[in-house]
Amino acid sequence: IAASWDHSIFLMKDGSVYTAGDNFYGELGVSTDSPSPNPTPMQVKSLGTDVAAITGGDFHSIFLMKNGTVYTAGKNTYGQLAVDTNLNTSNSNPIPLQVKSLGTEVAAIAGGRSFSMFLMKNGSVYTAGYNGNGQLGVSTNS
């Protein structure tokens with residue numbers, strides 16, 4: 001299980017994912033037509049049953065697949081989804097998008113307040129999102 005600012009994420013034994021809570025920015029990974037807040041867990045059907053790990057940020061979710069790829073959903077105002085879709089906007093991203101730039105070599109994921117972290121199988125770390133306090137581990141915002 002994973003808890004975030006306004007939503008919860010549940011990884012089931014069969015590799016499927018369910019989410020519950022607020023979905024204003026699409027952080028549940030399901031259509032924003034879904035009631036929000038939603039106290040009843042809903043399956044993130046687009047991910048199938050190949051999810052290995054889950055985590056959440058303040059208004060986003062991160063999903064690590066068994067094959068080492070990563071999908072993200074939710075708010076992307078600071079680039080925390082690590083994709084270009086709706087970058088620098090408050091528009092929702094309700095359907096999980098693959099972070100193609102990471103390839104298939106991700107070993108672990110972590111989410112924070114408007115940022116995301118990706119541990120690669122070779123031990124390197126990639127970060128994305130808000131860096132106002134240096135939380136990305138780099139001194140610049142690029």
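Q: Buried means under 20% relative accessible area, exposed over 50%, and partly exposed in between, with a 1.4 Å probe and protein chains only. Is asparagine 86 buried, exposed or partly exposed?

A: Asparagine 86 has a relative accessible area of 24%, so it is partly exposed. This is a predicted model, in which local features need pLDDT of at least 70 and side-chain atom pairs count only at pLDDT 80 or more, while totals for chains, interfaces and linings use all residues. Residues are numbered from 1 along each chain as its sequence is written, and side-chain values use heavy atoms, leaving out hydrogens and water.

Q: Where is asparagine 86 found?

A: Helices and strands are DSSP runs numbered from the N terminus (helices H or I, at least four residues; strands E, at least two). Asparagine 86 sits in the loop between strand 7 and strand 8. Its phi is positive, near 55 degrees, although the residue is not glycine.

Q: What is the order of the four strands in the open sheet?

A: Two strands pair if DSSP finds at least two bridges between them. Here the order is 5-6-7-8, and the pairing is antiparallel. Strand 5 (51–56) and strand 8 (97–98) are at the edges with a single partner strand each, so one side of each has no neighbour in the sheet.

Q: How many bridges join strand 5 to strand 6?

A: Five bridges join these two antiparallel strands. Valine 51 has methionine 65 in strand 6 as its bridge partner, and a hairpin of three residues connects strand 5 to strand 6.

Q: How many bridges join strand 6 to strand 7?

A: Strand 6 and strand 7 are also antiparallel, with five bridges. Isoleucine 62 is bridged to threonine 72 in strand 7. Their hairpin has four residues between the strands, and glycine 68 in it takes a positive phi near 90 degrees.

Q: Why is strand 6 described as largely enclosed?

A: Six of the six residues of strand 6 (residues 60–65) are buried, so the rest of the structure largely encloses the strand. His60, Ile62 and Leu64 point one way, while Ser61, Phe63 and Met65 point the other way.

Q: Which residues touch the most other members of the largest nonpolar core?

A: In soluble globular proteins, nonpolar side chains tend to be buried together. A nonpolar core is a set of buried Ala, Val, Leu, Ile, Met, Phe, Trp, Tyr and Cys residues joined through side-chain atoms within 4.5 Å. The largest one has 13 residues, and Ile9, Val17, Leu47, Val51, Ile54 and Phe63 touch the most other members. Strand 5 and strand 6 are the elements that give two or more residues to this core. A second, separate core has twelve residues, among them Leu64, Val70, Phe118 and Ala128.

Q: How is an aromatic pair read, and how many does the structure hold?

A: A pair of aromatic rings is described by the distance of the centres and the angle of the planes. Rings of Phe, Tyr and Trp (its six-membered ring) pair if their centres lie within 6.5 Å; planes under 30 degrees apart count as stacked, over 60 as edge-to-face and the rest as tilted. The structure holds four such pairs. In one, the ring centres of phenylalanine 24 and tyrosine 25 are 4.9 Å apart and the planes are at 85 degrees, so the pair is edge-to-face. Phenylalanine 24 is exposed at 58% relative accessibility, whereas tyrosine 25 is buried at 15%. Ring pairs link Trp5, Phe24, Tyr25 and Phe59 into a cluster.
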